Amino acid sequence: MSEEEKDLGDKAKDAANEFAEEAKETAKEFSEGVKETINADNKKILAGILAIVLGGFGIHKFILGYNKEGIILLVCTIILGIVTCGIANMIVWVVTVVEGIIYLTKSDEEFYNTYQVGKKPWF
C-alpha cells in the first residue's frame, strides 16, 4: 500500500470513530429523554388517556402505583361484568372516563400533589 492509501485509510477510520462517538452520544441523549418521559414523576397524560380508553382494566391505576385499586377495577370489569350481564362494566366505564377527564384537566402540579404525593386513589 502506498503512503497516500494509508493516510486515506486512517482518515476513514478516524471519521468512522468520530461518527460512532457522535451516534453514541445522540443515542444516549435520546434514551435519557425517553427515560425522563416514561419514568417522569408526572404521569398525568398517560394515566388520563389510559383511564378513558382502557379504564375498565385498571391500567391507569397500575401506572400510578395503585395496585389494589387496579385489581378492584379489573375484578369489577371481568367478574361482575359477567354476573351482571355488563351493567357493572358500564358503571366502571363511566367512573374511569370521569377519572380520566379529571386527570387531564388538572394542572401538572395539582395532579402530582394529589395523586402521586398525596396518594389519593379515587377521583
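Residues are numbered from 1 along each chain as its sequence is written. Because the model is predicted, local features need pLDDT of at least 70 and side-chain atom pairs count only at pLDDT 80 or more, while totals for chains, interfaces and linings use all residues; side-chain values use heavy atoms, with hydrogens and water left out.

**View 1. Helix H4 packs against helix H5.** Here H4 (residues 67-83) and H5 (residues 87-105) meet at an angle of about 155°, and their axes lie 8 Å apart. That makes the pair roughly antiparallel (an angle over 145 degrees). Leu73, Cys76, Thr77, Leu80 and Gly81 are the H4 residues that meet Ala88, Asn89, Val92 and Thr96 of H5. In this contact (heavy atoms within 4.5 Å), five residues are nonpolar, four are polar and none is charged.

**View 2. Pro121 sits in the segment after helix H6 (108-117).** Pro121 is partly exposed, its relative accessible area being 23% (the term covers values between buried, under 20%, and exposed, over 50%, with a 1.4 Å probe and protein chains only). Look for Asn67 too: 54 residues separate it from Pro121 in sequence, yet the two are 9.7 Å apart in space, C-alpha to C-alpha. Setting aside neighbours within four places in sequence, Pro121 touches Lys61, Tyr66, Glu69 and Glu99.

**View 3. Lys61 belongs to helix H3 (residues 59-64).** Lys61 is buried, with a relative accessible area of 0%. Beyond its neighbours within four places in sequence, the contacts of Lys61 include Gly70, Leu73, Tyr103, Trp122 and, from the previous view, Pro121.

Terms used:
Axes are lines fitted to C-alpha atoms, for helices over the stretch in contact, and angles run from 0 to 180 degrees between N-to-C directions. Helices (H or I, at least four residues) and strands (E, at least two) are DSSP runs, numbered from the N terminus. Angles under 35 degrees count as roughly parallel, over 145 as roughly antiparallel, 65 to 115 as roughly perpendicular and the rest as oblique. Ala, Val, Leu, Ile, Met, Phe, Trp, Tyr, Cys and Pro count as nonpolar, Asp, Glu, Lys and Arg as charged, and the others, Gly among them, as polar.
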